[in-house]
Amino acid sequence: MSSQVVASCPAWTIPGFLEVRDNHLSINGADAVTLIQEYSSPLFVFSEPRIRANIKRLQSAAKAVDRPIKFCYASKANSNMAVLKTVLESGIDVEVNSGGELFKALRVGFKPDQIIFNGTSKTHEELDQAVRAGIYSINVDSVYEIGLVEESVLRLREAGETVDRARIALRLVPEIGTRSHLGLQTALLTSKFGISASEVLDAFRRGLQNPDLVHVCGIHIHVGSQTPDVEPFAEAFKSMWDHLMTIHRETGHTLEHINLGGGIPVNYLRDRSQANDLPEHERDMLGADLEPATVLSEALRVARASARDAEAEHLLDQVTILLEPGRSVIADAGLVLTTVRNIKRRQETGDVWLLTDAGYNLMLSMNNYKWYYHLISASRAGEQQGADYKVAGPLCDSGDVYFDIERGGRLPDYRKLAAKVEPGEILALLNSGAYSLAQMFPYNGRPLPAAVMVKDDSSALVIRRRDTYEDLLASDVW
Ligand SMILES: Cc1ncc(COP(=O)(O)O)c(C=O)c1O
């Protein structure tokens, strides 16, 4: 008998990808309950078709504007090798934030000119790796770091290696705020990132001092993650464009690219009913629906007007625009399946507590930022999700809960699930493909879970094996 997709779909469903079939959650036709039976719980599940569709959406947005656009997937969001391979095969480039991510990007097959390298505190070894590889751009975070890149080129040449001059871009911090969480905003002067306005021109002059060692090819601003509005992007682009024109006027140097960073938001709140008790601004931010095409065309519109005023349109015509999308590629392509392991009914408060096997060791941002991941019952996905539960993970501290224990209003106090949940029931935390697998850790001696990738034909491939107890000992010396 073929499986049935339910007629009236819950708000979290995405046709062809996240559906209800036979009352179970189905991911590209793969049954969530069967996946848990086969691969055990907890389990990360990714959809290859959804990753490809998300990248296609970005590529279509690029067609809406008349400049070359280079997308560099922010691998910090998820650098699993199978995920990187899917990104590579989809035809976009990559952003790395450490020597380790650079190593992974090269190993999976990205060419050096497809790689850009961000980071505030790169080591000499990491800079040597990047210079040796000859990547598209090392994004320097301070004037001091320009000297470090130069030293790296000299060091390698003195050691007898043949290396080209390093391509660098300067990361700026222009004091642009967004409506995201403060910890996710990166263009404020109070953040740790970038070169401030008062230093920019000197920084460029410094970068142009030794053209045999470094070539200043670009300028970069990342306003932050999950930016719900178009204005900060446009403001950042305008700021970089104005600097580009000033640098050209003052030094005659032309930059090749403007890098607008990441931050295109993901709609974490397809079903707003679960989050009714969150403040409106939080719901607006989490439920943001900003088209990448809007971001690009608005940024260019503002820059074009400024270029016209300055009679410098020819400069804009020479510029490639970079974007560093992370969560907009991978967040809604991944989810965590978890099993209810324990239950308690507290007479004094009237609360029913569900204790799962997925804590903040898997979903660090649920604890760090009190980030909202929509929770559904995967075993009874088609049923009314109207009963209130306190939900918590397995870790040994009180903060390992699916609500905001500090009462900051960022998470709902109760999660709504099907009535009469019992131990053994499988739940799913949706939209959890970004900044989760990449940040998990084996706290409390919990071996890290497996991850599978569901393909077009509904088959699931293991893309990360489940750790064993022996893995817990692998790095200890005793
Ligand atoms: C420099 C930089 N670029 C890109 C990103 C990716 O952001 P997002 O995942 O919101 O697209 C980040 C995330 O923190 C970042 O720091």
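Lys85 and Glu89 both belong to helix H3 (residues 81–89) and stand four residues apart, about one turn of the helix; helices (H or I, at least four residues) and strands (E, at least two) are DSSP runs, numbered from the N terminus. The model is predicted: local features need pLDDT of at least 70, side-chain atom pairs count only at pLDDT 80 or more, and totals for chains, interfaces and linings use all residues. Residues are numbered from 1 along each chain as its sequence is written, and side-chain values use heavy atoms, with hydrogens and water left out.

**Salt bridges in general**
- Side chains of opposite charge can pair when their charged atoms come close.
- A salt bridge is a side-chain nitrogen of Lys or Arg within 4 Å of a carboxyl oxygen of Asp or Glu.
- Under this rule, the count is 32 salt bridges.

**The pair in helix H3**
- A salt bridge joins the side chains of Lys85 and Glu89 (3.8 Å, N to O).
- Lys85 has a relative accessible area of 45% and Glu89 one of 47%, so both are partly exposed (buried is under 20%, exposed over 50%, partly exposed in between; 1.4 Å probe, protein chains only).
- Lys85 and Glu89 also belong to a network of salt bridges with Glu48, Arg52 and Lys455.

**A pair between two strands**
- Lys416 and Asp388 form a salt bridge through their side chains (2.7 Å, N to O).
- This pair links distant parts of the chain, 28 residues apart: Lys416 lies in strand E17 (residues 415–417) and Asp388 in strand E16 (residues 387–392).
- Lys416 is partly exposed at 25% relative accessible area, and Asp388 is partly exposed at 38%.
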